[in-house]
Amino acid sequence: MSRLKIAIACQGGGSQTAFTAGALKTLCQARIDNEFEVVGISGTSGGAVCATLLWYAFMKGERPVWGRMMEFWKENTAQGVVENAINRMIVESIRMVNTGMLPTLQISPSSPVMQSMTQFMTAGQRKGFGDFRGLLETHIDFAEIASWGPRPERPVLILGAANVTSGALAKFVSSREAIKVEHILASCAVPSIFPAVQIGTDAYWDGLFSDNPPVEELIRPRSMGEQNVPDEIWLIKINPTARLSVPIKPGEIIDRRNQLEGNISLFQQLGHLDLINDMILADAFRPEFLARFDIKGPVRIPKSFHTDPDKPYHIPCIEMPIELQDLLDYEGKIDRGPDNINRLIAEGEKAATRFLAERAAAVAASPLGQGQTAGQQAGS
């Protein structure tokens, strides 16, 4: 009997995507790959890091599949007195600038001054703390991936970035090309922190400016393959949709602006999917066309983004609880202190546990789901 096909989309958010790592770990511990067909994983920025680590473990058939990802986050966390002191200095200095307590210094991340400052602060430190590229290459064998070439097998990996010069929204897709370390670096290249990443003749910035995370591409047969179009898209969301109060202080304004910017492309993509689902429900597509792509009905996307709450294809997304979101700020996205990272991982684990319980309850309560597993429902 066929299993429900799912794709997981991971939003970016710097260090706060430790939440994503915790959520993915819990999903994998629940052995979702036994009940579902994981056909795609997408990500942007920190979400791209988590997505690629999990995808690589899936492709290698590793168990536990989340082990490599969690080892990365362990190494990425500040360790020891010196690293924690450097981390606190960076976070607090940026926080003081954003609150107006220190003057702003506009320094290009490509400038010799910034390069010298970075080398000075990370000199003699672990690769995991001072060398992001080296950390990625420690946990992912990109030479091995290059030997694979394009991989149409499930799951398909999709990473988002933005072409700085052309303005194009870039996607790096494992079914079309071998994933490189530069693809991840490009997706993570926040302009105020990292220089643009050169790939061939093009330069790229953070995927925040393109797809955060790629969602629409997860239902495109040209990327996924005709038999890999998901029945459901599970979204792990970092940037909050709502805020409890109006931001007034400079730091609060910067934080909220970053959150809104991080959600713009996501909401646009989900709006497009909502329209496509409406058209499917209205029989706007010929049955033989839908059958060609193995589409049995609307793609299930997060319920909180629908204009009509009564539509039949809702599922909850995995999102930080609003109480936690209210405690976080923009500077927390660069905070690699163990308290911050470990708390976010634990919150991600709890959020994913709630997600699975709520989803199981929703399936059991639905007319088609009574007495059936999700996989059986898909095959009915």
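Modeller: This is a predicted model, and the talk below covers a strand, a surface patch and some salt bridges.

Biologist: Is strand 1 covered or open?

Modeller: Strand 1, residues 4-10, is mostly covered, with seven of its seven residues buried.

Biologist: Which residues point which way?

Modeller: Leu 4, Ile 6, Ile 8 and Cys 10 point one way, while Lys 5, Ala 7 and Ala 9 point the other way. In a regular strand, side chains alternate between the two faces of the sheet.

Biologist: What does strand 1 pair with?

Modeller: Strand 1 pairs with strand 2 (residues 36-44) in the parallel sense, over seven bridges, and Ala 9 stands opposite Ser 42 there. Strand 7 (residues 232-237) also runs parallel to strand 1, joined by five bridges; Ile 233 is the bridge partner of Ala 7.

Biologist: Now salt bridges. How many in the whole structure?

Modeller: The search finds 21. One of them joins Glu 37 and Arg 154, at 3.2 Å from N to O.

Biologist: Where do Glu 37 and Arg 154 sit?

Modeller: Glu 37 is in strand 2 and Arg 154 is in the loop between helix 9 and strand 3, so the pair ties together parts 117 residues apart in sequence.

Biologist: And Glu 217, buried or exposed?

Modeller: Glu 217 is buried, because its relative accessible area is 4% and the cut-off for buried is under 20%. Its salt-bridge partner is Arg 220, which is partly exposed at 32%.

Biologist: Which residues make the nonpolar surface patch?

Modeller: Val 164, Trp 205 and Phe 209, with about 250 Å² of accessible area together. Trp 205 is in strand 6.

Definitions and conventions. Residues numbered from 1 in each chain as written. Predicted model: local features only at pLDDT ≥ 70, side-chain atom pairs only at ≥ 80, totals over all residues. Heavy atoms only, no water. Buried < 20%, exposed > 50% of the residue type's maximum accessible area, 1.4 Å probe, protein only. Helix = DSSP H or I, 4+ residues; strand = E, 2+ residues; numbered from the N terminus. Pairing = 2+ DSSP bridges. Patch = residues over 30% accessible without salt bridge, like charges linked within 9 Å, V, L, I, M, F, W, Y side chains within 5 Å. Areas by Shrake-Rupley, 256 points an atom, 1.4 Å probe, with all protein chains shown as cover. Salt bridge = Lys/Arg side-chain N within 4 Å of Asp/Glu carboxyl O.
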